[in-house]
Amino acid sequence: MSYDVIVIGTGPGGYVAAIRAAQLGLKTAVVEKRKTHGGTCLNVGCIPSKALLHASHMFEEARDHFAGLGIGVSAPTLDLKTMQSFKQEGVDGNTKGVEFLLKKNKIDAFIGTARIAAPGQIEVTSEDGSNQMLETKNIIIATGSDVTRLPGIEIDEKVVVSSTGALELESVPKRLVVIGAGVIGLELGSVWRRLGSEVTVVEYLDRILPGMDGEVAKNFQRILTKQGFQFKLGSKVTKVEKTGSGVTLTFEPAAGGSSETIEADVVLVAIGRVPYTQGLGLDRVGVQLDNRGRIQTDAHFSTNVTGIYAIGDVIAGPMLAHKAEDEGVAVAEIIAGKAGHVNYDVIPSVVYTFPEVASIGKTEEELKAAGTAYNAGKFPFTANGRAKVNRTTDGFVKILADAATDKVLGVHIIGPEAGNLIHEAAITMEFGGSSEDMARTCHAHPTLAEAVKEAALAVEKRAIHM
Ligand code: FAD
Ligand code: NAI
């Protein structure tokens with residue numbers, strides 16, 4: 001079999017690259033070692049986590065807030081098995097959707113593990129051990145990432161779990177300890193807290209969500225604490241010991257000092273993810289990795305070996321599905337001789353808790369470090385009519401604009417629907433717009449988006465409702 005393009009991995013990077021390549025008339029195939037397409041994101045990441053976040057939010061709403069709206073229901077009960085089926089049906093619907101799209105675009109899909117035998121040659125090993133060799137002009141590696149493990153701590157996916165096990169728990173742990181106050185820890189911590197777990201988060205740094213705007217992270221920590229999360233910041237886990245009834249976790253101050261222990265029924269290890277290149281045979285073909293094990297690529301997603309490209313979590317940049325997808329489109333266009341491009345300055349990042357946290361562009365810390373003079377406009381949801389009437393007033397919108405040109409440099413939102421609201425900032429930034437542009441755009445009333453307009457007005461201290 002001979003192709004123009006073979007994509008290894010059908011996560012958001014790989015399947016999107018394949019579809020775009022096929023749209024551009026290239027004879028395309030994909031190789032995926034999972035039985036279903038969609039990669040980490042659809043199978044064990046974005047989609048199942050959002051299903052459980054949605055269902056657990058509904059549960060909490062019914063338990064804690066319906067009565068205040070005048071809706072009388074008896075105390076909701078949890079049928080976790082059905083909730084897990086709800087999640088799985090959502091996953092299946094999405095992975096089948098990708099299978100349909102591959103077929104629709106006449107892309108050949110091989111299920112098996114791919115190894116690059118030589119530039120232009122991919123060996124596929126099926127589950128039954130049989131091999132076949134495929135020929136191709138171009139290879140796109142989109143093999144994604146894997147869980148970072150803590151040395152000496154074995155993940156059994158039952159008691160000591162990664163995100164994959166935390167999405168599959170068969171009962172609600174009474175005490176859940178999360179190692180790592182990043183996106184996974186706070187999203188999946190939220191799911192199990194809403195369903196009844198006592199959640200303690202142990203984080204090495206002295207803050208949550210490293211990389212997010214500091215003021216946002218501090219406020220968000222306060223909101224989560226109010227919801228019942230407990231945080232042990234600046235703490236280093238030194239031991240995780242399984243006991244008959246659960247786990248004993250030992251940790252000490254990251255800066256050194258005396259250790260403490262906590263008991264847990266389940267421990268979630270969520271300390272980041274690492275690029276996945278195992279078994280690809282990169283050594284043999286001489287594809288270079290960087291010092292963090294990521295495949296090194298140039299501005300056109302090309303590795304140092306002609307005809308081999310890489311995209312998504314396996315290369316540098318934020319490990320996000322939409323970043324992988326945009327790179328998938330860009331690399332296919334480049335291979336087809338067009339001008340594919342990704343604007344890394346305008347990639348939104350969203351934490352899908354309640355309230356949501358959304359961010360795009362520079363943080364205040366980054367602007368200060370770069371010596372960029374900026375104006376900040378901030379508007380709280382307590383002053384937004386829609387948030388007030390809905391009683392979802394936690395959070396604010398913050399817009400950072402260049403002091404000289406007023407160009408929007410960063411937008412940070414904690415609040416209901418923050419993950420949707422951030423896209424108005426994304427469009428503005430993609431077009432090189434200013435806070436004045438956002439402030440002069442008519443926003444419908446009553447919407448949460450009015451808080452974005454008011455924050456833009458606040459950049460020049462002229463917010464109306466504050
Ligand atoms: P992947 O999705 O990891 O896909 C790689 C595929 O390659 C896999 O299917 C793998 O089986 C296959 N593969 C690997 N090696 C081979 C081989 N040798 N042969 C054949 N196939 C191979 N991101 C967001 O933007 N939003 C979210 O809400 C979000 N939630 C997440 C929640 C969780 C719990 C996790 C773990 C991640 C989440 N992410 C989220 C991150 C997101 O899943 C990744 O950024 C995204 O999946 C990366 O896409 P990718 O195509 O690079 O790789
Ligand atoms: P993360 O990088 O977001 O957070 C890891 C946290 O663990 C950090 O706060 C880090 O300081 C801490 N940490 C590291 N080592 C530690 C140790 N030994 N002890 C205690 N704390 C330690 O990684 P996370 O949450 O595992 O997520 C992985 C990736 O998946 C992220 O890069 C994210 O982009 C992606 N993801 C995205 C989501 C979204 O977009 N909503 C949802 C879930 C995951």
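Trainee: Which residues come nearest to ligand 2?

Mentor: First, how to read "around": a residue is near a molecule if its C-beta atom, placed from the backbone, lies within 6 Å of it. Here 26 residues are around ligand 2, and Gly180, Gly182, Ile184, Tyr204 and Ile271 come nearest. Two or more residues each come from α6 (183-194), β12 (235-242) and β18 (349-351). Those labels are DSSP runs numbered from the N terminus: helices are H or I with at least four residues, strands are E with at least two. Keep in mind that this is a predicted model, where local features need pLDDT of at least 70, side-chain atom pairs count only at pLDDT 80 or more, and totals for chains, interfaces and linings use all residues. Residues are numbered from 1 along each chain as its sequence is written, while chains are lettered from A and ligands numbered from 1 in the order in which they are written.

Trainee: Which element gives the most to that shell?

Mentor: That's α6, with four residues.

Trainee: Which residues touch the most other members of the largest nonpolar core?

Mentor: In soluble globular proteins, nonpolar side chains tend to be buried together. A nonpolar core is a set of buried Ala, Val, Leu, Ile, Met, Phe, Trp, Tyr and Cys residues joined through C-beta atoms within 7 Å. The largest one has 128 residues, and Ile141, Val267 and Leu268 touch the most other members.

Trainee: Is Phe301 buried or exposed?

Mentor: Count the other C-beta atoms, placed from the backbone, within 10 Å of a residue's own: 20 or more is buried, 12 or fewer exposed, in between partly exposed. Phe301 has 25, so it is buried. Phe301 also has a positive phi of about 65 degrees, although it is not a glycine. Lys461 has a positive phi too, near 55 degrees, but with 9 C-beta neighbours inside 10 Å, Lys461 counts as exposed.

Trainee: Where is Lys461?

Mentor: Lys461 is in the segment after α14.
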